[in-house]
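Dear colleague,

Please find the structure below, handed over for your review. A short account of the findings follows it.

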Amino acid sequence: SEIIVGVDFTNNKRVNEILNNEKNSSFLLYPGEDSFNLSVKKSSEIISFMGDNPHIFILDGTWPCARKMLKLSKNLQKLKRVSFDNKIKSKFTIKQQPAPLCLSTIESVYTVLNLLNQSNLEQCDTKSFLLPFEKMIAHQIECMVDTNNKELVPKNVYKKNMERSIIFEQES
């Protein structure tokens with residue numbers, strides 16, 4: 001994997017190198033009616049669709065930020081889209097998602113890797129993939145609940161005239 005930082009990737013040298021390499025087949029992980037759903041396709045269909053050297057671009061940011069990145073990035077708009085049927089509930093409980101089926105970027109990557117593993121396009125162990133993410137969330141919730149901890153303060157404490165909420169479930 002590779003991280004390329006920016007908002008508008010239209011003229012990004014590295015992104016365009018990947019897109020213009022004839023050996024690559026590039027895709028955008030982004031929901032939509034016209035996307036290739038990895039969850040419902042057979043392994044042979046996925047392998048045929050994605051080719052020998054697939055590159056999947058993933059927009060990392062809030063949903064409004066991801067929409068903006070796609071709107072600005074003319075080169076990414078042209079890519080075929082891949083998506084999946086969400087079968088897991090997001091563990092990103094410290095942030096509100098726009099819809100129950102929405103996942104964080106890391107949860108989406110986890111899901112796609114597992115689908116690609118099933119199709120033999122990827123060979124990686126994802127057993128503990130989400131562990132750092134889960135620990136981060138647990139730590140943030142712990143700090144928000146612990147009023148004696150001065151290191152992490154909920155955003156609604158320092159934002160004026162802003163209404164924020166935290167949603168989490170306690171296990172029984």
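**Strand E1 and Ser26**

Ser26 is found in strand E1, which covers residues 25-29. Please note that the model is predicted. Ser26 has a relative accessible area of 14% and is therefore counted as buried, the cut-off for that class being under 20%. Apart from its neighbours within four places in sequence, Ser26 is in contact with Ile18, Leu19, His55, Phe57, Leu79 and Lys80.

**The sheet**

Strand E1 belongs to an open sheet of four strands, whose order is E2-E4-E1-E3 and whose pairing is parallel. Strands E2 (36-37) and E3 (54-58) stand at the edges; each has a single partner strand, so one side of each is left without a neighbour in the sheet. In general, the strands of a sheet pair through backbone hydrogen bonds, in either a parallel or an antiparallel manner. Here, E2 runs parallel to strand E4 (residues 80-83), and two bridges join them. Within this pair, Asn37 stands opposite Ser83 in E4.

**Cysteines**

How many disulfides does a search of the whole structure find? The search finds zero. For orientation, a disulfide is a covalent bond between the sulfur atoms of two cysteines. Two cysteines may be described by their accessibility. Cys65 has a relative accessibility of 29% and so counts as partly exposed. Cys124, with a relative accessible area of 30%, is partly exposed as well. Both values fall in that class because it lies between the limits of 20% and 50%.

With kind regards

Conventions:
Residues are numbered from 1 along each chain as its sequence is written. This is a predicted model: local features need pLDDT of at least 70, side-chain atom pairs count only at pLDDT 80 or more; totals for chains, interfaces and linings use all residues. Side-chain values use heavy atoms; hydrogens and water are left out. A disulfide is a pair of cysteine sulfur atoms within 2.5 Å. Buried means under 20% relative accessible area, exposed over 50%, partly exposed in between (1.4 Å probe, protein chains only). Two strands pair if DSSP finds at least two bridges between them. Contact means heavy atoms within 4.5 Å.
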